[in-house]
Amino acid sequence: MNITALLADLGVDYSTLAGQDIPARSPRDGSTIAVLRSHTASEVQQAIDNASQASLQWRNEPAPLRGELVRLLGQVLREKRDALGQLVTLESGKILSEGIGEVQEMIDICDFAVGLSRQLHGLTITSERPGHRMMETWHPLGVCGVITAFNFPVAVWAWNAALALVCGNAVIWKPSEKTPLTALAVHALLQQAIARHARQAAVPAALCQVLIGGAEVGVALSRSPAVALVSATGSVAMGRKVAVEVAQRLGRSLLELGGNNGMIVAPSADLDLALRAIVFSAVGTAGQRCTSLRRLFVERSKFDTLTAHIERVYATLNIGDPLAAGTLVGPLIDAHAYANMQAALSQARSEGGMVSGGERIAGLGGEHAFYVRPALVRMPQQSAVMHHETFAPILYALPYDDFSQAIALNNAVPQGLSSAIFTNDIREAELFMSANGSDCGLANVNIGTSGAEIGGAFGGEKETGGGRESGSDAWKTYMRRATNTINYSGALPLAQGVSFDIG
Ligand code: UN1
């Protein structure tokens, strides 16, 4: 793999950002691909000011013409799907099929946003007063800050940016320090889309910007009253900081934080389907999705059979170079992730868990790469370790006896992103999706916890942060709503029958 050629093909020029504090590493072999520098505090401030100016221009561009830019972005992404997918694989370590799939997710949200650009509609509402009408109008917010994580280094930006742009906003992106090159590549591809735009002059230079740096950049975006919305994806700890900073100035935040996703396998489940879904959800992206399956509750009579099947599949999984055909599990992102995984496994052991797998695969990728065999941990109960999200391929499994107990176990953790049930009993499926069922933002039936499509609203409850991105009506978070009351009568009746006669 010629990285220089790949970066050139994607139009990445990081010469102006060459520096010393942000190394772009490939978890594939731990090698350093480039070393960048953080944007300075004054550059961050300048970017916010420029974005504010850009948003004033962009909000006057008709929404369907804003959609045209996003359509062109989708077009460029189609042309560069495989190249960008490779860079995603290089920088995040996910297997190539998932790297390319992530770019496909970007294309999908672009298509969605293009359609949306002609559907940013509000309501008309009947008035209690004669000769009056009420309606809702949706306006752009201004500047949207987007903070993204290493595990979905490009798709999560696209969920936010595609919507924010058609909604008439400027976007400032702070990618993870672990994946700066993919962000620069996306930015370069966006410039290609802008260059193809028939109304290029209508696209201000500062409409979309990327800021490279650490937590201080996120804090600056969160503190600035000029950033109307801060959309943050990542850890609960990070989200808590962003939420507090943004709330302090009564700004708007959209949080998509940790998950600790559970699956119930009921006695009527198709075990073969369940097995496939479990393995993809638990070990896909090396267990580093916010939607990864971490907790498995199996009805007691099926527990031994199913866990034995999982153990058998885990023992033969093709783990290795994420670029190689046939690999199913790539490396962890870095040494820190590996240390966290081992710490969780030893805690699980001390809580009575029986661990199978979980060891580092010696020699693979060299000493700075961290390839592990996914771990299956049979737990005696849902103890402390299971209440934490460890970003690694660890699947805790325990048996349950009755269905209400399984739902209670699913809901007993602080996070509330994704959940699933495998059952062929319609009453169980409906109960799981009902108000008395899963308390998560995503509740799936006969399908795993990860791999959501872009058409639905994506996000979760409790410590996951409550935000919704992507499809459905998530666009409303990127706009402000005005309620208009219009009087076309010749009189001035007051609401609620109030009389106020000034003679
Ligand atoms: C994430 O891990 O932050 O549902 C996003 C999924 C993907 C998105 C995951 N479509 O697994």
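Of the 503 residues of the protein chain, 53% count as buried, a residue being buried if 20 or more other C-beta atoms lie within 10 Å of its own, exposed if 12 or fewer do, and partly exposed in between, with C-beta atoms placed from the backbone. The model is a predicted one, in which local features need pLDDT of at least 70 and side-chain atom pairs count only at pLDDT 80 or more, while totals for chains, interfaces and linings use all residues. Residues are numbered from 1 along each chain as its sequence is written.

The protein chain has 14 helices and 21 strands; these are DSSP runs numbered from the N terminus, helices being H or I of at least four residues and strands E of at least two. With a radius of gyration of 24 Å, close to the 23 Å that the globule rule gives for 503 residues, the protein chain is as compact as a globular protein of that length. That radius is taken over C-alpha atoms, and the globule rule is 2.2 Å times the number of residues to the power 0.38. Along the principal axes, the C-alpha atoms fill a box of roughly 85 × 60 × 40 Å. Among contacts in the protein chain with a separation of 6 or more, 72% join residues 24 or more positions apart; two residues are in contact if their C-beta atoms, placed from the backbone, lie within 7 Å.

The protein chain is divided into domain 1 (3-257 + 465-483) and domain 2 (261-445), with bounds that come from an automatic or database domain assignment. The centres of the two domains, taken over C-alpha atoms, are separated by 31 Å. Where they meet, 15 residues of domain 1 are in contact with 20 residues of domain 2. On the side of domain 1 that touches domain 2, α4 (81-92) and α5 (96-116) each supply at least two residues. The residues of that side divide into 4 nonpolar, 5 polar and 6 charged. In this scheme Ala, Val, Leu, Ile, Met, Phe, Trp, Tyr, Cys and Pro count as nonpolar, Asp, Glu, Lys and Arg as charged, and the others, Gly among them, as polar.

The residues around the ligand include Glu 105, Asn 151, Thr 233, Arg 289 and Ser 450, a residue being near a molecule or strand if its C-beta atom, placed from the backbone, lies within 6 Å of it. By class, the shell has 4 nonpolar, 5 polar and 2 charged residues.

In helix α8 (residues 215-223), the buried residues are Val 217, Gly 218, Ala 220, Leu 221 and Ser 222. Their cover includes α2 (41-58), β5 (143-147), β6 (170-174), β8 (229-233) and α9. In helix α13 (residues 403-411), Phe 403, Ala 406, Ile 407 and Asn 410 are buried. These residues lie on the same side of α13 because they cover an arc of only 95 degrees around the axis, the arc being that of the directions from the helix axis to the C-beta atoms. They pack against β10 (261-265), β11 (293-299), β14 (394-400), β16 (418-422) and α14 (426-433). On the other side of α13, Ser 404 and Gln 405 are exposed.

Finally, Leu 250, in the loop between α9 (236-248) and β9 (252-256), has a positive phi of about 55 degrees although it is not a glycine. Leu 250 counts as exposed, with 7 C-beta neighbours inside 10 Å.
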